[in-house]
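Dear colleague,

Please read them with the model open beside you.

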Amino acid sequence: MSFMHPLKVEERELLRKIVKKVHFKHYPKEFCTDYEADKMIAAVAPETVASLIKVGKDYKVNEL
(Lines give C-alpha, C1' and ligand atoms only; values in the text may rest on other atoms or scores of the structure.)
Protein backbone atom coordinates (compact mmCIF):
# COMPACT_ATOMS: atom_id res chain seq x y z
CA MET A 1 0.00 0.00 0.00
CA SER A 2 1.40 3.34 -1.02
CA PHE A 3 0.62 6.66 0.57
CA MET A 4 1.97 10.16 0.28
CA HIS A 5 3.27 11.86 3.37
CA PRO A 6 1.66 15.22 4.19
CA LEU A 7 4.68 17.38 3.33
CA LYS A 8 5.16 21.02 2.54
CA VAL A 9 6.52 21.88 -0.91
CA GLU A 10 9.93 22.90 0.44
CA GLU A 11 10.19 19.67 2.48
CA ARG A 12 9.39 17.57 -0.57
CA GLU A 13 12.03 19.42 -2.62
CA LEU A 14 14.59 18.85 0.16
CA LEU A 15 13.76 15.14 0.28
CA ARG A 16 14.02 14.87 -3.52
CA LYS A 17 17.53 16.36 -3.39
CA ILE A 18 18.57 13.94 -0.65
CA VAL A 19 17.15 10.91 -2.44
CA LYS A 20 18.77 11.89 -5.75
CA LYS A 21 22.18 12.59 -4.20
CA VAL A 22 22.34 9.65 -1.80
CA HIS A 23 20.06 6.85 -2.92
CA PHE A 24 20.25 7.35 -6.69
CA LYS A 25 23.95 8.21 -7.02
CA HIS A 26 24.75 4.97 -8.88
CA TYR A 27 21.70 5.06 -11.17
CA PRO A 28 21.69 6.44 -14.72
CA LYS A 29 20.77 10.14 -15.00
CA GLU A 30 17.54 9.41 -16.88
CA PHE A 31 16.30 7.39 -13.89
CA CYS A 32 16.84 10.22 -11.38
CA THR A 33 13.57 12.07 -11.86
CA ASP A 34 11.26 13.76 -9.38
CA TYR A 35 8.69 11.03 -10.05
CA GLU A 36 11.12 8.25 -9.08
CA ALA A 37 12.26 10.20 -6.02
CA ASP A 38 8.62 10.69 -4.99
CA LYS A 39 8.03 6.94 -5.31
CA MET A 40 10.94 6.25 -2.98
CA ILE A 41 9.77 8.90 -0.49
CA ALA A 42 6.28 7.37 -0.48
CA ALA A 43 7.73 3.91 0.20
CA VAL A 44 9.57 4.81 3.41
CA ALA A 45 8.09 5.11 6.89
CA PRO A 46 6.96 8.51 8.20
CA GLU A 47 9.64 8.32 10.91
CA THR A 48 12.32 7.93 8.24
CA VAL A 49 10.92 10.91 6.31
CA ALA A 50 11.04 13.04 9.46
CA SER A 51 14.62 11.94 10.11
CA LEU A 52 15.69 12.71 6.53
CA ILE A 53 14.12 16.19 6.73
CA LYS A 54 15.93 16.89 10.01
CA VAL A 55 19.30 15.75 8.65
CA GLY A 56 18.74 17.67 5.41
CA LYS A 57 18.01 20.88 7.28
CA ASP A 58 20.88 20.36 9.74
CA TYR A 59 23.41 19.85 6.93
CA LYS A 60 21.81 22.55 4.72
CA VAL A 61 21.30 20.20 1.76
CA ASN A 62 18.88 22.67 0.19
CA GLU A 63 21.78 25.13 -0.24
CA LEU A 64 23.99 22.71 -2.20
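The axes of helices α1 and α2 come within 9 Å and cross at roughly 95°, where axes are lines fitted to C-alpha atoms, for helices over the stretch in contact, and angles run from 0 to 180 degrees between N-to-C directions. The two helices are therefore roughly perpendicular to each other, a description that covers angles of 65 to 115 degrees, while those under 35 count as roughly parallel, those over 145 as roughly antiparallel and the rest as oblique. On the α1 side the contact (heavy atoms within 4.5 Å) is made by Arg12, Leu15, Arg16, Val19, Lys20 and His23, and on the α2 side by Asp34, Ala37, Asp38, Met40 and Ile41. Helices here are DSSP runs of H or I with at least four residues, strands are runs of E with at least two, and both are numbered from the N terminus.

Please keep in mind that this is a predicted model, in which local features need pLDDT of at least 70 and side-chain atom pairs count only at pLDDT 80 or more, whereas totals for chains, interfaces and linings use all residues. Residues are numbered from 1 along each chain as its sequence is written, and side-chain values use heavy atoms, with hydrogens and water left out.

Helix α1 has 15 residues and reaches 20 Å from its first C-alpha to its last, close to the 21 Å expected at 1.5 Å a residue, the expected span being 1.5 Å times one less than the number of residues. Its buried residues are Glu11, Arg12, Leu14, Leu15, Arg16, Ile18 and Val19; buried means under 20% relative accessible area, exposed over 50% and partly exposed in between, with a 1.4 Å probe and protein chains only. What covers these residues includes α2 (34-43) and α3 (46-58).

Several charged side chains are paired, and by the rule used here (a side-chain nitrogen of Lys or Arg within 4 Å of a carboxyl oxygen of Asp or Glu) the count comes to seven salt bridges. Within α1, Arg16 forms one with Glu13, the closest N and O atoms being 2.8 Å apart, and these two residues lie three residues apart, about one turn of the helix. Glu13 is partly exposed, with a relative accessible area of 37%, while Arg16 is buried at 13%.

Arg16 also meets Asp38 in a salt bridge (2.7 Å, N to O). Asp38 lies in α2 and Arg16 in α1, so this pair ties together parts that are 22 residues apart in sequence. Both Asp38 and Arg16 are buried. A further salt bridge joins Lys20 and Asp34 (2.5 Å, N to O), and since Lys20 lies in α1 and Asp34 in α2, it ties together parts that are 14 residues apart in sequence. Lys20, at 27% relative accessibility, and Asp34, at 34%, both count as partly exposed. Through shared partners, salt bridges join Arg12, Glu13, Arg16, Lys20, Asp34 and Asp38 into one network.

Glu11, in helix α1 (residues 9-23), is buried yet has no salt bridge, and the nearest side chain of opposite charge, Lys57, is 4.1 Å away. For charge, Lys and Arg count as positive and Asp and Glu as negative, while His and the chain ends are not counted. Leaving aside neighbours within four places in sequence, Glu11 is in contact with Ile53 and Lys57.
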